[in-house]
Amino acid sequence: MKRNTIGKTIILGLCLFLIGVEGISCSENSSNIDEGDYNFIVPDDFNTIQEAINSAEDGYRIFVRNGIYTENIDINDVSVYIEGESWDNTRIISGGVNDYTIEISYSNITLNNLCVCNNDKRDGIYVTSNDPFASNAEINHCRIIDNLNYQPNTDVNGIFAVDVDGLKIINCEIENNGNNGVYVYGDKRMYNINISTCEIKNNGKTESAGKGIFIYSNSKEIQENISIWNCSIKDNGLDGIRIQNTNDVIIDKCSINNNPFGIRLSHNSDNNTIRNCNEKRKINNSIYDGIVIEENSDNNTILNCRISSNSHDGIYIDESNNCKMINCRILTNGWNGIHLTESSNENEILSCNINYSKGSDYDKANGILIEKLSSHNNIIRCIITNNNCGIRIISSNSNMISQSVFKNNSLYNIDIINDFLLEIFTNSYSLKDLFGGIRDFIIEGNYIENIGEKIYYMKQGNNNKIFRNSFFPSDDNSRYARDKCKNYWNYNDTTKYSHGPYYNKNVGNYWYDFAQQAVDDDNDDIIDGYYYVDGLFPILSSRDINKTPLPSFENFDMRPLKHNPQLLDWISPDIAVVYPNCNEHLFGTIDIIWSAYDPTSNLCNQNSNIDELNFSIEIQKKTSGIWNDWKLVEEDLHFNDSSLTNNEFIYKLNTLEYSDGAYRLRINATDNSSEKNTGSKISYLFIINNNGPCVSRVTIVNNDIGSREFVKSGDSVSIVAEIFYEDVKNDDLDIYADLTAFGKNSQVPYNYTNNQSYIWIIKKDDWKSSGNGILEIPVNAQIKKNTEYNDTNYGYIILDNNKPNISINKPVSGIYFFNNARIFPTLMKILPFSIVFGPISVNIDTSDNFGVPMIKWTVDGIPYKEVENRNEWLYLGNIGRHTIKATIYDNAYNFRSSRIELIVLGLID
């Protein structure tokens, strides 16, 4: 439907410049919108957004030009799409009544590119149910900021949603709201909620319990399909994310920083998953704990996360059961890496690295702390190093530590207090003062290095079983262990150690210098003698066995080992496929290239040869258009060439042995440990084409900046296609590129060729596009006389016409700073400069859909290269007036600048 023209008003602005005062800038509307895409334009057709909504019909599109709209908008009976001209300057402010700025109570509503701000009484956006229930509301690329109420006991949220089905909050900035950034509450239902690619920060400004995201269900029967993806959540009042009485929420690829609590699952929140918060996206710098699982929240999973530099615990689990922590890196936390307390039972910590928990309080700085009747917890295949104490277990029973590595923990590697029925086996650790007050304990399969003059001391515990460990002294005067109780130093428990060289054998431990002098006449790896474990008596060698009476067998290793048992290797090798590339078209004999690494090759000081790997290759062919429909056509192809540099390996594959089509590879690597661990990696899809021409690959290059990934409108572009063919002359081929993405024809011949490379050149400023997204360029080659023989391949590049965003956080105009501290506003707050005495930190925030790889600074127009690419640095300027300017560039070389002026009154030595 064509837009209705009610009337058009031309507004002329007056631009003022006041000397010494920040200018008020105005400009005519520069929007390049296609008016035919919208039914109404505000304020051209209506003075207010509400008037446009009241006149709209279902499916209408409303465009709102830049400006400040002071009104309270109610969308309750019509499905509309409302788009602002820019999220910075299309600002909707509450009209002063005690009402929401925008209330949505109808289905299929979209808000796009708006700024909803400065409501000092109610929530910025309120999405609620009506009759019928509201569904499918989308808030996209909006700023919801500064909705504050400084009155006591007020509750103003950026977005408040109640009983919704189909809520999407995408690519939004939600900042400086009084209570929660986003609050989703379910009393009747809470379905299909997605919060993605948002920046949610500094919420809880007037309510100390404010959260970045708060999801709360009144009943577990009304919730389904809730996810939080790729969000940055920081500097909020209490929790970055709070999930309460809600199940099955997925938190994926989020960055959670500088909140008092990073993520908190509470009040029976079960079966939730926190995953892939690692590398640049991580959970760190919490004032208290990184992740909290509490109040009977069971069966939750934390997977592939980096949890670091939190002031208290990395993960805190209180009165919650059956939770899993898998493949996480937990490091540099002030208290404990992982803390299980208050009867937290049957939890599992699997394949985690827990390092550098080193606070000033030695009792709290543990890699893992298990306490207060927390039982049947499993710690399996973990690496626990460089903490004050590796694991501390207090008054908790029937826990198990298996196949783990403990090294370089400064106080204790394992400290157990009044515990019982604890099983530790198949570990490697450097122990100090191992046991205290325990019973019915099993230690099996450990690699133990004595550190300094510390000894191994067993006290106040009986009936413990310690076997298949390796003890090494630090010097000739060191003792291995001291046992004042009745414990068993050799044991047979095949239920716990069901594989390997000592399966079903009653074995003791390996004592290094005892084994050097002892005899094993029958070659069964059991020394013909005993080892006496007690600090009150000397070590008893095989030659002294008849000289000393045996007071009881409990404190003897009756079956000491002649040779050092190997540590079990439990980690699979890592593989990365180097070639072929994605969608590569191949013919003839090619090199399959991959790299491989075994992470346990140097884990402990043993000659285990676990760094030697055996490879096999599987070849799978795609049999239909279904994405996962693959058929195995070849298996067990073994590695047949020497390794290349940098741990890369090669396999020569003759593609002529396979019919044309789409294929992929699975490369398997198996180590030489007793466990025969195998790691696998699947390659990208590639095309075999041995009939006719083969368009091997198509590469698009931004000539202006040398990028193969990004381009902006008007850049000079080269398209390079590598085309191979046999028994066909170049003149017998038709080779075209489809350049409609650049406003050209669909069959454009190449400009020139270089051997088997064919090149198309698009000159600078010879094309225009206002959009963003992926440009796909097909290149086709075919035999002129036989079009049956042809091949098409595609090149891709990202079109990015959006400028990055920049804001200067410090210094701030109109503020006086003394020695880098903000003191008070200047008497002339409207002055466009900051007053500084002493050094001042210069700090900016930047954002872009694809990152900001370059930051350039100038001071008084002169490049300041010493701080290039830094978001924050310390300025020590001379007395006088100065201008600091930051210019940021995205990957397509779009740029944006911001500047701040400051007057330096004095310097501090």
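Let's start with salt bridges, where a side-chain nitrogen of Lys or Arg lies within 4 Å of a carboxyl oxygen of Asp or Glu; by this rule the count comes to 21 salt bridges. Side chains of opposite charge can pair when their charged atoms come close. Please keep in mind that this is a predicted model, in which local features need pLDDT of at least 70 and side-chain atom pairs count only at pLDDT 80 or more, while totals for chains, interfaces and linings use all residues. Residues are numbered from 1 along each chain as its sequence is written, and side-chain values use heavy atoms, with hydrogens and water left out.

Look up Asp88 and Arg143, whose side chains meet in a salt bridge at 3.3 Å, N to O. This pair links distant parts of the chain: Asp88 is in the loop between β5 (80-84) and β6 (90-93), and Arg143 is in strand β12 (residues 143-145), 55 residues apart. The strand names come from DSSP runs numbered from the N terminus (strands are E, at least two residues; helices are H or I, at least four). Are these two partners buried or exposed? We call a residue buried under 20% relative accessible area, exposed over 50%, and partly exposed in between (1.4 Å probe, protein chains only). Asp88 has 34% relative accessibility, so Asp88 counts as partly exposed. Arg143, with a relative accessible area of 15%, is buried.

Next come Glu199 and Lys234, which form a salt bridge of 3.9 Å, N to O. Here too the pair links distant parts of the chain, with Glu199 in strand β18 (residues 199-201) and Lys234 in strand β21 (residues 232-234), 35 residues apart. Salt bridges that share partners join Glu199, Lys201, Lys234 and Asp845 into one network. Another salt bridge joins Arg242 and Asp239 at 3.2 Å, N to O, and both of these residues are buried.

Now let's turn to the rings. A pair of aromatic rings is described by the distance of the centres and the angle of the planes. Rings of Phe, Tyr and Trp (its six-membered ring) pair if their centres lie within 6.5 Å; planes under 30 degrees apart count as stacked, over 60 as edge-to-face and the rest as tilted. By this rule the count comes to 27 aromatic pairs. One of them is the stacked pair of Trp594 and Phe649, 6.3 Å centre to centre with 25 degrees between the planes. Trp594 belongs to strand β59 (residues 589-597) and Phe649 to strand β62 (residues 648-654), 55 residues apart, so this pair links distant parts of the chain. Trp594 and Phe649 are both buried.

How are the rings of Tyr750 and Trp760 arranged? Their centres are 6.2 Å apart and their planes are at 85 degrees, so the pair is edge-to-face. Tyr750 is partly exposed, with a relative accessible area of 27%, whereas Trp760 is buried at 1% relative accessibility.

Ring pairs also link Tyr100, Tyr126, Phe160, Tyr183, Tyr185, Phe214 and Tyr216 into a cluster. The charged end of Lys211 sits over the ring of Phe214, 4.3 Å from its centre. Likewise, the charged end of Arg61 sits over the ring of Tyr81, 4.3 Å from its centre. For this, NZ of Lys or CZ of Arg must be within 6 Å of the ring centre and within 35 degrees of the ring normal.
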